[in-house]
Amino acid sequence: MPTAPFPPARSGGGLVFTSGLAAIDPATMTVSSIAFDDQAAEVFEQLDRALTAAGSTRDQVLKLDCYLSDRRWFPAWNAAFTEFFPTAAPARTTTVTTLPIDGLLIEIQAIAVAANQEDRS
């Protein structure tokens, strides 16, 4: 099974930095869903897993960067973001750009405070 040549997250200096998280099937390296809402749900599930593994939680996210394949996804992105962060939403930036795999609609990366200040690099 192919895997990405980088970790889902690294931590240091009391912070957790995630890699780009996207709705990609690791077995085929293809998009796992064609619907935006499904892709958004998948990236947030990946974010929770990456943060937990690095000793953090979504409540500790300080900054979230989102990359959308098309600006028409912006309203759906706002709805997904609000659902995932119902209180204390992090600062965020949203950029519309070409994403690396055909059919990929969203990719995110985050910076969070590590609950445990130990480096997990």
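**Helix α1 and its surroundings**

Author: Helix α1 is followed by Gly 55, whose phi is positive, near 85°. Keep in mind that this is a predicted model.

Start with the helix itself. α1 runs over residues 36-53, which is 18 residues. From its first C-alpha to its last, α1 reaches 26 Å, close to the 26 Å expected at 1.5 Å a residue.

Now look at burial. The buried residues of α1 are Phe 36, Gln 39, Ala 40, Val 43, Phe 44, Gln 46, Leu 47, Ala 50 and Leu 51. Seen down the axis of α1, these buried residues fall within an arc of 160°, so they line one face of the helix. An α-helix has 3.6 residues a turn, so residues three or four places apart point the same way. On the other side of α1, Asp 37, Thr 52 and Ala 53 are exposed.

Gln 46 lies in α1. Why does Gln 46 count as buried? Its relative accessible area is 14%, and buried means under 20%. The side chain of Gln 46 makes a polar contact with the side chain of Glu 42, at 2.9 Å. Leave aside the neighbours within four places in sequence. Gln 46 is then in contact with Leu 21, Ala 22, Ala 23 and Ile 24.

Next, helix α2. Its buried residues are Trp 77, Ala 80, Phe 81 and Phe 84. Seen down the axis of α2, they fall within an arc of 100°, so they too line one face of their helix. Pro 75 and Glu 83 are exposed on the other side of α2. What covers the buried residues of α2? The cover includes α1, along with strands β6, β7 and β8. That brings us to the strands.

Strand β6 (residues 61-68) pairs with two of them. Seven bridges join β6 to β8 (residues 106-113), and these two strands run antiparallel. Cys 66 stands opposite Ile 108 in β8. β6 also pairs with β7 (residues 91-96), this time in the parallel sense, over six bridges. Here Asp 65 stands opposite Thr 93 in β7. From β6 the chain crosses through α2 (residues 74-84) to β7, and this β-α-β crossover is right-handed.

To put it together: α1 has its buried residues along one face, and α1 is among the elements that cover the buried residues of α2.

Terms used: Residues numbered from 1 in each chain as written. Predicted model: local features only at pLDDT ≥ 70, side-chain atom pairs only at ≥ 80, totals over all residues. Heavy atoms only, no water. Helix = DSSP H or I, 4+ residues; strand = E, 2+ residues; numbered from the N terminus. Expected span 1.5 Å × (residues − 1). Buried < 20%, exposed > 50% of the residue type's maximum accessible area, 1.4 Å probe, protein only. Arc of directions from axis to C-beta. Pairing = 2+ DSSP bridges. Right-handed = clockwise from strand over helix to strand, strands pointing away. Polar contact = N/O pair within 3.5 Å; in protein donor to acceptor, adjacent residues only side chain to side chain. Contact = heavy atoms within 4.5 Å.
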